[in-house]
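Hi,

Here is the structure I promised to pass on to you. Please open it next to this email and follow along as you read.

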Amino acid sequence: KEFNSGITTIRAEAYNNTKEEKSINVKIVLKDDAGKELTNMIQVIEKIPSKGKKILQTGIVGNYSNVKNIEFKVLTDEEIEEYNR
């Protein structure tokens, strides 16, 4: 993560260990030292090649450079529907 001009940028690698190209929905949760959730977001990583990887890069407005824990969770279609309610 990196903070610049009011935006915190998060970068991560997503790996696809299947035999097919995949697109996935990822929930990103930023937490403080005590484990309290500060914010979360969902991002789509499209067309990760079979047995390959793609870089996820996303930004969030605000200074989250002091975040100590970032969790990434691949969501199912049902979890996406629940999140969007």
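**The sheet**

Strand 2 and strand 5 pair in the antiparallel sense, and nine bridges link them. Strands here are DSSP runs marked E of at least two residues, while helices are runs marked H or I of at least four residues, and both are numbered from the N terminus. Two strands count as a pair if DSSP finds at least two bridges between them.

Before you go on, a word on the background: this is a predicted model, in which local features need pLDDT of at least 70 and side-chain atom pairs count only at pLDDT 80 or more, while totals for chains, interfaces and linings use all residues. Residues are numbered from 1 along each chain as its sequence is written, and side-chain values use heavy atoms, with hydrogens and water left out.

Back to the sheet: it is open and is formed by three strands in the order 1-2-5, with antiparallel pairing.

Tyr 15 stands opposite Lys 53 in strand 5. Strand 1 and strand 2 run antiparallel and are joined by three bridges, and Asn 4 has Ile 7 in strand 2 as its bridge partner.

**Two threonines**

Thr 58 lies in strand 5 (residues 53-61). Is Thr 58 buried or exposed? Thr 58 counts as buried because its relative accessibility is 10%; buried means under 20% relative accessible area, exposed over 50%, and partly exposed in between (1.4 Å probe, protein chains only). Leaving aside residues up to four places away in sequence, Thr 58 touches Thr 8, Thr 9, Ile 10, Ile 28, Met 41 and Gln 43, where contact means heavy atoms within 4.5 Å. The side chains of Thr 58 and Gln 43 are also joined by a polar contact of 3.4 Å. A polar contact is a pair of N or O atoms within 3.5 Å; within protein, one must be able to donate a hydrogen and the other to accept it, and residues adjacent in sequence count only if both atoms are side-chain atoms.

Thr 8, in strand 2 (residues 7-15), counts as buried because its relative accessibility is 1%. A polar atom of the Thr 8 side chain lies 2.6 Å from the backbone oxygen of Gly 62, and the backbone nitrogen of Tyr 64 lies 2.9 Å from a polar atom of that side chain.

**Positive phi values**

Most residues other than glycine have a negative phi. Lys 47, in strand 4 (residues 37-48), is not a glycine and yet has a positive phi of about 50°. Lys 47 counts as exposed because its relative accessibility is 54%.

Enjoy exploring!
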